[in-house]
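Here is a short report on one protein chain.

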Amino acid sequence: MSSPRQPIPVSILTGFLGAGKSTLLNRILKDPAASDTAVIINEFGEVGIDNFLVESSGDTLLELSNGCLCCTVRGELVETLASLVDQIQTGRLKPIRRVVIETTGLADPAPVMQAVMGNPVIAQSFSLDGVVTVVDAVHGVSTIQRHPEAVKQVAVADRLVLTKKTLADAAAISAVLRRLNDLNPRAQILDGDLPAASTIDLLVNGLYDPESKVPDVARWLQEEREHGDEHHDHHEHEHDHDHDHDHGDHAHEHGHGHEHGHGHHHHHDVNRHGADIRSFSILHDEPIDPLAVEMFVDLLRSAHGDKLLRMKAIVQLSDNPERPLVLHGVQSIFHPPQRLAGWPEGAERRTRMVLITQGLPEEFVQDLFAAFTGQPKIDRPDRAALEDNPLAVPGMRF
């Protein structure tokens, strides 16, 4: 299957049962800018699309009155995406500008993300453009406490949409906001009742913007810095009222005080209910040997992929420092690495890796990265020793 010249962005809309995913999706699809969107809905969806279906163009593919296409997944998601591309290329379907996948409320989002990123053919035609997770303000905290899937849905999100705020009291809203910040300090939190949550722009989140043919890394980097600052301020304030919180964890968080060769940007986000989610950054000021990056990522994903919920990175490589590498992974599955034509405007010319992990200590990851970049610590293995590890099987070529 040949692929379009530019990959089609795929947005994933997730959230637990009853959170309001379908309601939000229906509002977005009424945006005129969504007219060239294809919607894929899990067959166990709770509500589905509003009754504005007008004609069928296949067994499972329906054309909506606003020009969107809609289908229900009855087989593999990969097959559905492949069929979309095939029908577009053969002229049976009009071109589409975006795909939205609404998951079932019980879904772990990682397999859906991996379906877009992990199949080599699919990854040529589609790019993961972010995850939007809907959270119920009334039941959000109890849902997160009771269901591991809900924890992952929040942790991997690029944006969080808080719904049903009018039904919740101030204490409930405050509690759910604290919980969301603990699990995912970098995600933007939006009020689901506001107009901003009713347009297609809500779904534009990822590392690339295929329509503009330029990488969207600059926005990602800026948002990551801004949200990190907000999270730092949040915990500074929280510390004033909660002496049980270990402020030492944040002693060197944010800011760019690490001017030596391997500055680390820390986010210790302790999950007080035991899900063991961590969000942190690795910064590195010097260009890195491509093989060192390859070995680091391969060892991390092969030995600890189940604990690596998500990773985004822009890497300065020593073979061509002016053309950074972009990495995007979910557990053991990574999107094909992309070399950019140049650094995004305003971006610092240094490596930044953002990781979300579950049960994988930050110190371990930092030490592993230091070993591969030539900064082994006392009593830690160096790169040569790690390269002999049978788990470190090269699989990503930059």
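## Whole chain

This is a predicted model. The protein chain holds 11 helices and 18 strands. Of its 398 residues, 53% count as buried.

The accessible surface of the protein chain comes to about 16,800 Å². Carbon and sulfur atoms account for 51% of that area. Take the contacts between residues at least 6 apart in sequence: 74% of them join residues at least 24 apart.

## Burial of strand S15

Strand S15 spans residues 325–330. Buried means under 20% relative accessible area. By that cut-off, 6 of the 6 residues of S15 are buried, so the strand is largely enclosed by the rest of the structure.

Both faces of S15 are covered. One side carries Leu325, Leu327 and Gly329. The other carries Val326, His328 and Val330.

## Partners of S15

Strand S14 (residues 308–315) runs antiparallel to S15, and 5 bridges join the two. Within S14 and S15, Ala313 stands opposite Leu327.

Strand S17 (residues 338–339) also pairs with S15 in the antiparallel sense, over 2 bridges. Here Val326 stands opposite Gln338 of S17.

Strand S16 covers residues 333–334. S16 and S15 run antiparallel and are joined by 2 bridges. Val330 has Ile333 of S16 as its bridge partner.

S15 and S16 form a hairpin, with 2 residues between them. Gln331 lies in the turn and has a positive phi of about 55°.

Note on methods:
Residues numbered from 1 in each chain as written. Predicted model: local features only at pLDDT ≥ 70, side-chain atom pairs only at ≥ 80, totals over all residues. Heavy atoms only, no water. Helix = DSSP H or I, 4+ residues; strand = E, 2+ residues; numbered from the N terminus. Buried < 20%, exposed > 50% of the residue type's maximum accessible area, 1.4 Å probe, protein only. Contact = heavy atoms within 4.5 Å. Areas by Shrake-Rupley, 256 points an atom, 1.4 Å probe, with all protein chains shown as cover. Pairing = 2+ DSSP bridges.
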